[in-house]
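Q: Please take a close look at the aromatic side chains of this structure and at what surrounds them.

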Amino acid sequence: LDANIDEMYHRTYVTTNTKSTYLQRKVYALYLLFLYEYVKDQDNLGIFDKLEEPTDGNPIVIEKQGKRISQDIANSYMEYSYVRNVLGNKFSEIKIIAEIGGGYGRLSYLFHLLHENGGIKIILIDLPPALFVAQWYLRKVFPEAKLMNYRNFSNFLEIEHDFNESSICFLLPHQL
């Protein structure tokens with residue numbers, strides 16, 4: 001088990017020191033390993049073992065058999081597989097996925113990665129700080145994707161062409 005979480009920082013109410021200890025890093029690495037194994041064991045779609053955390057955004061990862069594993073890729077996959085399993089055969093009919101409160105885009109990343117050729121449009125809705133981070137992150141991990149960045153508009157007709165042509169669109173909550 002090789003961990004690259006040496007620069008992991010945390011904040012507690014017990015101390016003002018934000019540098020994690022060796023023990024804290026090892027406990028977190030074990031947690032990631034256990035989470036990875038749990039998600040792999042629950043994977044009835046047979047996709048999880050092929051996934052790896054991108055390096056963009058400097059995620060906290062461990063390396064297992066040369067593969068980057070993170071809490072985010074594991075949690076995103078659990079959410080993704082839940083949606084797939086609940087919808088069953090109807091999932092193939094889905095053409096648009098709207099994620100409200102998408103944060104930096106970890107779940108949108110997974111949907112786009114696994115279905116970019118399937119014609120699924122992703123609409124990520126969040127507040128400005130998270131939305132801007134998501135735009136940066138998803139543009140970084142999918143440089144060839146057509147993205148419609150957030151913008152002010154008063155009428156959908158102003159953005160309709162860009163919206164229709166993009167595979168990932170970013171909106172503020174009031175624009176939904």
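Predicted model: local features only at pLDDT ≥ 70, side-chain atom pairs only at ≥ 80, totals over all residues.

A: A search of the whole structure finds 12 aromatic pairs. Within the pair formed by Tyr 80 and Phe 91, the ring centres are 6.4 Å apart and the planes stand at 85 degrees, so this pair is edge-to-face. Since Tyr 80 belongs to helix H2 (residues 71–87) and Phe 91 to the loop between H2 and strand E4 (96–100), the pair ties together parts that are 11 residues apart in sequence. Both Tyr 80 and Phe 91 are buried.

Phe 132, for its part, forms an edge-to-face pair with Tyr 150, with 5.9 Å from centre to centre and 70 degrees between the planes. Here Phe 132 sits in helix H4 (residues 128–141) and Tyr 150 in the loop between strand E6 (147–148) and helix H5 (160–165), so that parts 18 residues apart in sequence are tied together by the pair.

Tyr 80 and Phe 91 also belong to one aromatic cluster, together with Tyr 36, Phe 48, Tyr 77 and Phe 111. Tyr 77 of H2 is in turn among the residues that take part where helices H1 and H2 meet, and those from H1 include Tyr 28, Tyr 31 and Tyr 38. Helix H1 (residues 22–42) packs against H2 at an angle of about 25 degrees, with the axes 9 Å apart, and the two helices are therefore roughly parallel to each other, H1 passing H2 in a left-handed crossing.

Definitions and conventions
Residues numbered from 1 in each chain as written. Heavy atoms only, no water. Phe/Tyr/Trp six-rings, centres within 6.5 Å; stacked < 30°, edge-to-face > 60°. Helix = DSSP H or I, 4+ residues; strand = E, 2+ residues; numbered from the N terminus. Buried < 20%, exposed > 50% of the residue type's maximum accessible area, 1.4 Å probe, protein only. Axes fitted to C-alpha atoms, helices over the stretch in contact; angles between N-to-C directions. Parallel < 35°, antiparallel > 145°, perpendicular 65-115°, else oblique. Left-handed = near helix turned anticlockwise from the far one by under 90°. Contact = heavy atoms within 4.5 Å.
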